[in-house]
Amino acid sequence: MSTPETRPEGLSALLGKRPEQHKYDHGHAVIVGGPPGQGGAARLAARGALRVGAGLVTLGCPLRAVTENAVQLNAIMVRGLDGTAGLAEMLEDGRITAVCLGPGLGLGPATAELVKTTLRAKRGTILDADALSRFQRAPQALFDMLHDHVVLTPHAGEFARLFPDIAKRHKAGEVSKLDATREAAVRAGSVVLFKGSETVIAAPDGRHAIQTAEGDRAAPWLATAGAGDVLAGMIVGLLARGLDPLRAAEVGAWLHVEAARSFGPGLIAEDLPEALPQVFRQIGL
Ligand SMILES: NC(=O)C1=CN([C@@H]2O[C@H](COP(=O)(O)OP(=O)(O)OC[C@H]3O[C@@H](n4cnc5c(N)ncnc54)[C@H](OP(=O)(O)O)[C@@H]3O)[C@@H](O)[C@H]2O)[C@@H](O)CC1
Ligand SMILES: Nc1ncnc2c1ncn2[C@@H]1O[C@H](COP(=O)(O)OP(=O)(O)O)[C@@H](O)[C@H]1O
């Protein structure tokens, strides 16, 4: 089976860095992490954001998780946040261009408050993992807060939590994955990236993209814990660099598969960010 090339157009212009630019020209991405002992997912996301080229990356976390994160991170900055007030204060810095919430964040009420605070700040935002699952009981409450700079990145389980009726029809074969994702994007009012070996991305205005990791482009090694956390980090890094949500999701998904294919069998999530420089060289950056 021959799988069509799905490389997004204009990658050099989107991802290259010019000599006259400094780090703030490439944006500042913030990953909001969870409690002590659950920080791995946010650290993976932060590494993905930095490797994809965000100029600065900060991991914001509860004060009691600062030590755990700080001993494991160097180029990535760590900032203790005193709850939602601390996050709101941090987001007063206009140089913060994008925020990622969800990986390892936890399913408690604090997650919903952090999501609310972030969405009010109107930055490029990616909501993944627990930031989606937290709204299982009231998805519309989430959709009512979304704006046009948001990307949602559910796997099939999270998709079914947010869009149970659409997921049911998709599972029954009544709607394709593309149509299911397009319907979800319209309902949510934001870009939706529905993960899997075929990753489908749709915007509320009907634009869409498909990134396939099947056939000639198979990358089954991506079925490993934390691979999705790294994808979220790559996308927030691209949002931070100024890509619009649909492009950030499309380019992030393509780079994610390329990084997995470049590394090959034995891949673990930590390897994905480290494979990006090789991918960048291959595309001539
Ligand atoms: N290193 C770290 O620190 C890591 C930390 N992580 C963090 O853990 C937290 C929980 O995230 P999570 O995704 O592991 O669990 P959860 O939200 O319960 O969903 C899983 C359930 O959904 C279902 N399901 C259906 N289709 C599915 C599909 N295609 N892909 C996957 N699942 C699918 C399936 O249920 P089933 O269909 O079997 O009934 C399955 O049991 C979150 O904060 C995350 O960031 C992880 O990222 C790992 C690395
Ligand atoms: N068999 C597969 N082939 C290609 N890509 C896959 C496969 N299984 C999972 N993936 C990709 O790996 C990532 C897994 O993300 P996710 O399910 O959120 O895991 P985690 O929560 O552990 O990070 C997604 O980007 C998904 O598209």
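Two residues are in contact if their C-beta atoms, placed from the backbone, lie within 7 Å. The structure described here is a predicted model. Its open sheet has 9 strands in the order 3-2-1-4-5-6-7-8-9, with mixed pairing. The edge positions belong to strand 3 (77-81) and strand 9 (208-212), each of which pairs on one side only. From one strand to the next, the twist averages 20 degrees. Two ligands are present, with 15 residues around ligand 1 and 18 around ligand 2.

**Parallel strands of the sheet**

- Strand 1 and strand 2 run parallel and are joined by 5 bridges; within this pair, Ile 31 has Leu 59 of strand 2 as its bridge partner.
- The chain passes from strand 1 through helix 2 to strand 2, making a right-handed β-α-β crossover.
- Strand 2 is mostly covered, since 7 of its 7 residues are buried.
- Strand 2 also pairs with strand 3, in the parallel sense and over 5 bridges. Here the bridge partner of Leu 59 is Val 78 in strand 3, while Leu 59 is also the bridge partner of Ile 31.
- Strand 4 (residues 96-101) pairs with strand 5 (residues 124-127) over 4 bridges, again in the parallel sense. Cys 100 has Ile 126 of strand 5 as its bridge partner.

- The hairpin of strand 8 and strand 9 has 5 residues between the strands, and Gly 206 takes a positive phi near 100 degrees.
- Strand 8 (residues 198-202) is largely enclosed by the rest of the structure, because 4 of its 5 residues are buried.

**Helices lying across the sheet**

- Helix 4 (residues 83-90) lies across strand 1 (28-32), strand 2 (56-62) and strand 3. The helix 4 direction is at about 130 degrees to strand 3.
- Helix 11 lies across strand 1, strand 4, strand 5 and strand 6 (150-152). Relative to strand 4, helix 11 runs at about 160 degrees.

- Helix 6 gives the most to the shell around ligand 1, with 3 residues.
- By class, the shell around ligand 1 consists of 5 nonpolar, 8 polar and 2 charged residues.

**Surroundings of ligand 2**

- Of the 18 residues that surround ligand 2, the closest are Lys 195, Ser 197, Leu 222, Ala 223 and Gly 228.
- Helix 11 provides the largest share of the shell around ligand 2, 4 residues.
- The shell around ligand 2 divides by class into 9 nonpolar, 7 polar and 2 charged residues.

**Two individual residues**

- Gly 37 is found in the loop between strand 1 and helix 2. Gly 37 counts as exposed because 9 other C-beta atoms lie within 10 Å, and the cut-off for exposed is 12 or fewer.
- The C-alpha atoms of Gly 37 and Ala 65 are separated by 8.0 Å, although the two residues are 28 residues apart along the chain.
- Ala 180 has its place in helix 10 (residues 177-188). Ala 180 counts as buried because it has 23 C-beta neighbours inside 10 Å, where the cut-off for buried is 20 or more.
- Apart from neighbours within four places in sequence, Ala 180 is in contact with Ile 166, His 170 and Val 175.
- Ala 180 and Arg 43 are 137 residues apart in sequence, and their C-alpha atoms are 31 Å apart in space.

Conventions. Residues are numbered from 1 along each chain as its sequence is written. Chains are lettered from A and ligands numbered from 1 in the order in which they are written. This is a predicted model: local features need pLDDT of at least 70, side-chain atom pairs count only at pLDDT 80 or more; totals for chains, interfaces and linings use all residues. A residue is near a molecule or strand if its C-beta atom, placed from the backbone, lies within 6 Å of it. Helices (H or I, at least four residues) and strands (E, at least two) are DSSP runs, numbered from the N terminus. Ala, Val, Leu, Ile, Met, Phe, Trp, Tyr, Cys and Pro count as nonpolar, Asp, Glu, Lys and Arg as charged, and the others, Gly among them, as polar. Two strands pair if DSSP finds at least two bridges between them. Axes are lines fitted to C-alpha atoms, for helices over the stretch in contact, and angles run from 0 to 180 degrees between N-to-C directions. A crossover is right-handed if, with the strands pointing away from the viewer, the path from the first strand over the helix to the second runs clockwise.
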